[in-house]
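User: I'd like to learn how to read the features of a model like this one. Could you walk me through them, general idea before the case at hand?

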Amino acid sequence: MCGIVGYTGPRQAAPLLLEGLKRLEYRGYDSAGVALVDDRRIEVHKAPGKISVLEKQLGASLPRGQTGIAHTRWATHGAPNTVNAHPHTDCGGTLALAHNGIIENAGVLRTALAQRGHVFRSETDTEVLVHLIEELLAKGGTLVEAVAGALNQVEGTYGIAVISTREADTIVAARNGSPLLVAIGAGENFVASDASAVLAHTRSVVYLDDGEIAVVRPTEYRILDLRTVEKEKAVTRVDWDLATIERGGHAHFMLKEIMEQPESLRNTLRGHLLEEEGTARLGGLNLTDEQLLQVNRIVFTACGTSWHSALIGEYMMEELARIPSEVEYASEFRYRNPIVDERTLVVGISQSGETADTLAALREAKRRGARTLGLVNVVGSTIAREVDGGIYLHAGPEIGVASTKAFTSQIAALAVLTLKMGRLRSLSILQGREVVRALAKLPELVERVLAKASEVERIAERMMRAANVLYLGRGYNFPVALEGALKLKEISYIHAEGYPAAEMKHGPIALIDDLMPVVFIAPKDAVYQKVVSNIEEVKARGGRVMAVVTEGDTGVARLADHKVEVPETLDLLTPVLTVLPLQLLAYYIAVRRGCNVDQPRNLAKSVTVE
């Protein structure tokens, strides 16, 4: 989950590396460091904390050098301090290495290297790699040969960038399980964990696949495998521009991304809806209608927020398409003995397209003969490249660690997939047209909800001192309860739990008193009356209720202490609207509590390690 950026070219590297690190800080912000080659020596500067701490330490006189690497860390092995910050160096100070991933056999390698005289300075697993490379370089050969030889001895995941005084204008980068790319400029080249680090300078990138090494110099690059055999790789053009990864006048990326949801939904739905036929166009599935009809079971697999959208997808698929469906935590699916076959469709959902557990689950499903689809937001991501087909969300870059617009785009994409599958089976053309019209209207309805942000802000003022919050919903809005609770936990550090509303009586009701707010997601859907009864149960015990209700509702309004209204839509699409007040509530509470909304403690945006 760490961020890596490297530069080699005619310019001074340090300012470019710091700029790239700032754009990667959402990947980790426990510590940061830079290493540069200058006058046949390597100069390293590191600091605990955010990149601003490192920048302040460096001051106005930045270290010199035209080739360098930099790293922003999300700690796994070793506390987040200066010693454990990357880049790490070898015994002689002639090599520096930055790493994203986990070396699983680091303990054994460390013991062996120490016995051979290597001196370790940190607690990290990463440091074994730089000493392995040092040892192999001492035996002769090039930097890339030494890197390849070292990587053949390690077990685990890595995205690495290495520089050496022996080849002062060269960066060697390699990938296995952790994302990495080469960005191609004019007389200069970069390596980075993702394109956001380099968009100010180039949009031409080459994505590395597992088991590949890049040798990057100012005017050339080569892609090799671990046997150092050269490979041909396609150059991809990144279609995001720099403005999309800036805050655009908003106080935080999270607020910007919440407010972007009308447009992100339009982009997700664009080109997919066929109203006359009452169905959807999904060419990216790479499956014929006949192949889709052969599917007799769907498994959705994901983590975190994406797992919540998968639950909604399960409900949709079973109701409209009548296909048995289930949702699996990707981290559990990969270590079980799952029952999948050639008639199982496994759908992996991941904003980044790099989530390690989801990627591993999809690989396991493919190994067992299942067809795989990906719902991802990042074009060129590993999941997008490895699945049989899928749907790009086109929601635009999501920088805030707490996912917002990706969640609603995932729901919309799942509805489109469900529509396609349903129309191939039992869903009538009239029902299909109704779904198409409702989907087309969603962006406008989202705008209406977001216009109520000031109402939510006032409610946040009343709830910000709570120590615990319970979120309750039923049917399609049970996953929304889970998502609302997750958002509050992630960014405000208030303990919150989401439950099916009826399950409240089986334990959580014991917690309810006048100090514990209860948030009900209660639109006028098929289970509305049941939820009203659950609210009555809370009020009878002195609970304080915030409710998300349908416009014009009076039944819940008379019971709730606070309410936010959302427009009416089809039951299956209500989560897109009901989640919006919960996103805003979490945001405003976190701001009032003085929390770092975009960089919550202990979290990072893209979970690329186990």
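Analyst: A residue is buried under 20% relative accessible area, exposed over 50% and partly exposed in between, using a 1.4 Å probe and protein chains only. Helices (H or I, at least four residues) and strands (E, at least two) are DSSP runs numbered from the N terminus. Strand β27 (residues 562–566) has four of its five residues buried, so the rest of the structure largely encloses β27. This is a predicted model, in which local features need pLDDT of at least 70 and side-chain atom pairs count only at pLDDT 80 or more, while totals for chains, interfaces and linings use all residues. Residues are numbered from 1 along each chain as its sequence is written, and side-chain values use heavy atoms, with hydrogens and water left out.

User: Which strand pairs with β27, and in what sense?

Analyst: Pairing requires that DSSP find at least two bridges between two strands. Here β26 (residues 544–550) is a parallel partner of β27, with five bridges between them. One place to look is Met546, whose bridge partner in β27 is His562.

User: How do I read the open sheet, and in what order do its eight strands come?

Analyst: The order is β3-β2-β4-β1-β10-β9-β11-β15, with antiparallel pairing. At the edges are β3 (41–48) and β15 (236–237), each pairing on one side only. Eight bridges join β2 (residues 31–38) to β3 in the antiparallel sense, and Gly33 stands opposite Lys46 of β3.

User: Which helices go with those strands?

Analyst: For contacts, look for heavy atoms within 4.5 Å. For directions, axes are lines fitted to C-alpha atoms, for helices over the stretch in contact, and angles run from 0 to 180 degrees between N-to-C directions. Helix α1 (residues 13–24) packs on the sheet and touches β1 (3–8), β2 and β4 (67–73), its direction making about 155° with that of β1. Helix α2 (residues 51–58) lies across β2, β3 and β4, at about 130° to β3.

User: Which way do the side chains of β10 point?

Analyst: In a regular strand, side chains alternate between the two faces of the sheet. In β10 (residues 189–192), Asn189 and Val191 point one way, Phe190 and Ala192 the other, and all are buried. The strand pairs antiparallel with β1 over four bridges, where Tyr7 faces Phe190. Four bridges also join β10 to the antiparallel β9 (residues 181–184), with Ile184 opposite Asn189. Their hairpin has four residues between the strands, and Gly187 there takes a positive phi near 75°.

User: How are α13 and α18 oriented to each other?

Analyst: Under 35 degrees counts as roughly parallel, over 145 as roughly antiparallel, 65 to 115 as roughly perpendicular and the rest as oblique. The axes of α13 (residues 405–423) and α18 (residues 574–592) come within 10 Å and cross at roughly 170°, so the two helices are roughly antiparallel. In the contact, Phe407, Thr408 and Ile411 of α13 meet Pro575, Val576, Val579, Leu580 and Gln583 of α18. Those residues divide into six nonpolar, two polar and no charged, where Ala, Val, Leu, Ile, Met, Phe, Trp, Tyr, Cys and Pro count as nonpolar, Asp, Glu, Lys and Arg as charged, and the others, Gly among them, as polar.

User: Is Thr418 buried or exposed?

Analyst: Thr418 has a relative accessible area of 1%, so this residue is buried. Its place is in α13. Leaving out residues up to four places away in sequence, Thr418 touches Gly313, Met316, Met317, Leu320 and Ala321.

User: How many residues are in the largest nonpolar core?

Analyst: A nonpolar core is a set of buried Ala, Val, Leu, Ile, Met, Phe, Trp, Tyr and Cys residues joined through side-chain atoms within 4.5 Å. The largest holds 95 residues, of which Ile298, Phe300, Met316, Met421, Val469, Tyr471 and Leu585 touch the most other members. Helix α18 gives the largest share of this core, 12 residues. A second, separate core of 34 residues includes Val5, Leu36, Ala70 and Val238.
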